[in-house]
Amino acid sequence: MSNQDLVVVHQAEQHRFVVNTQGVEAVLEYHLADQDIDFHRTFVPPILRGQGIAEKLVRTGLAWVKSEGFNINTSCSYVVKFLH
(Lines give C-alpha, C1' and ligand atoms only; values in the text may rest on other atoms or scores of the structure.)
Protein backbone atom coordinates (compact mmCIF):
# COMPACT_ATOMS: atom_id res chain seq x y z
CA MET A 1 0.00 0.00 0.00
CA SER A 2 1.42 3.36 -0.95
CA ASN A 3 1.21 6.58 1.01
CA GLN A 4 -1.28 7.81 -1.63
CA ASP A 5 -3.71 5.01 -0.72
CA LEU A 6 -3.76 5.81 2.98
CA VAL A 7 -6.84 7.55 4.33
CA VAL A 8 -6.47 10.12 7.11
CA VAL A 9 -9.57 10.37 9.27
CA HIS A 10 -10.19 13.44 11.41
CA GLN A 11 -11.71 12.34 14.71
CA ALA A 12 -12.67 15.82 15.89
CA GLU A 13 -14.32 14.69 19.13
CA GLN A 14 -11.07 12.95 20.15
CA HIS A 15 -8.94 15.87 18.85
CA ARG A 16 -6.86 13.73 16.52
CA PHE A 17 -6.14 12.65 12.98
CA VAL A 18 -5.74 8.90 12.43
CA VAL A 19 -4.50 6.43 9.83
CA ASN A 20 -5.55 2.82 10.40
CA THR A 21 -3.63 0.28 8.35
CA GLN A 22 -2.17 -3.19 8.82
CA GLY A 23 -4.20 -3.55 12.02
CA VAL A 24 -2.46 -0.63 13.79
CA GLU A 25 -3.09 3.07 14.24
CA ALA A 26 -0.93 6.13 13.60
CA VAL A 27 -2.06 9.42 15.14
CA LEU A 28 -1.58 13.16 15.20
CA GLU A 29 -3.13 14.55 18.39
CA TYR A 30 -3.97 18.14 19.26
CA HIS A 31 -5.40 20.40 21.94
CA LEU A 32 -7.85 23.09 20.87
CA ALA A 33 -8.61 26.20 22.94
CA ASP A 34 -10.75 28.83 21.24
CA GLN A 35 -8.81 29.70 18.05
CA ASP A 36 -5.50 28.23 19.25
CA ILE A 37 -4.42 24.73 18.33
CA ASP A 38 -1.46 22.80 19.71
CA PHE A 39 -0.34 19.72 17.83
CA HIS A 40 1.28 17.92 20.75
CA ARG A 41 1.89 14.35 19.62
CA THR A 42 2.61 12.43 16.45
CA PHE A 43 2.95 8.66 16.79
CA VAL A 44 3.51 6.02 14.13
CA PRO A 45 3.97 2.41 15.28
CA PRO A 46 7.36 0.88 14.37
CA ILE A 47 5.80 -1.44 11.75
CA LEU A 48 4.53 1.60 9.79
CA ARG A 49 7.56 3.87 10.03
CA GLY A 50 9.43 5.00 6.94
CA GLN A 51 6.32 5.09 4.75
CA GLY A 52 5.52 8.81 4.98
CA ILE A 53 2.52 8.28 7.25
CA ALA A 54 3.53 10.89 9.83
CA GLU A 55 4.06 13.43 7.06
CA LYS A 56 0.64 12.67 5.59
CA LEU A 57 -0.98 13.07 9.02
CA VAL A 58 0.75 16.42 9.61
CA ARG A 59 0.03 17.81 6.14
CA THR A 60 -3.63 16.84 6.50
CA GLY A 61 -3.82 18.42 9.97
CA LEU A 62 -2.15 21.63 8.82
CA ALA A 63 -4.46 21.91 5.80
CA TRP A 64 -7.45 21.61 8.15
CA VAL A 65 -6.03 24.25 10.50
CA LYS A 66 -5.50 26.63 7.59
CA SER A 67 -9.07 26.11 6.35
CA GLU A 68 -10.43 26.78 9.84
CA GLY A 69 -8.25 29.84 10.49
CA PHE A 70 -6.78 28.57 13.76
CA ASN A 71 -3.56 29.90 15.29
CA ILE A 72 -0.93 27.16 15.34
CA ASN A 73 1.21 26.52 18.39
CA THR A 74 2.91 23.16 18.35
CA SER A 75 4.76 21.34 21.08
CA CYS A 76 5.46 18.36 18.80
CA SER A 77 8.98 18.59 17.38
CA TYR A 78 7.98 16.67 14.25
CA VAL A 79 5.21 19.15 13.37
CA VAL A 80 7.60 22.09 13.90
CA LYS A 81 9.57 20.92 10.83
CA PHE A 82 6.57 21.69 8.62
CA LEU A 83 6.09 25.23 9.92
CA HIS A 84 9.39 26.69 8.71
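1. Beyond its neighbours within four places in sequence, Leu32 is in contact (heavy atoms within 4.5 Å) with His15, Ile37 and Phe70. This is a predicted model: local features need pLDDT of at least 70, side-chain atom pairs count only at pLDDT 80 or more, and totals for chains, interfaces and linings use all residues. Numbering starts from 1 along each chain as its sequence is written, and side-chain values use heavy atoms, without hydrogens and water.

2. Leu32 sits in strand E3, residues 24-33. Strands (E, at least two residues) and helices (H or I, at least four) are DSSP runs numbered from the N terminus. Leu32 is partly exposed, at 32% relative accessible area. Buried means under 20%, exposed over 50%, and partly exposed in between, with a 1.4 Å probe and protein chains only. Asn73 is 41 residues from Leu32 in sequence, yet their C-alpha atoms are 10.0 Å apart.

3. Now the aromatic rings. Rings of Phe, Tyr and Trp (its six-membered ring) pair if their centres lie within 6.5 Å; planes under 30 degrees apart are stacked, over 60 edge-to-face, the rest tilted. The count is 6 aromatic pairs. Tyr30 and Phe39 form an edge-to-face pair, with 6.0 Å between centres and 70 degrees between planes. Tyr30 is buried at 2% relative accessibility. Phe39 is buried too, at 1%.

4. Tyr30 also pairs with Trp64. This pair is tilted: 5.4 Å centre to centre, 40 degrees between the planes. Tyr30 lies in strand E3 and Trp64 in helix H1 (residues 53-68), so the pair links distant parts of the chain, 34 residues apart. Both Tyr30 and Trp64 are buried.

5. Which residues form one aromatic cluster? Phe17, Tyr30, Phe39, Trp64 and Phe70 do.
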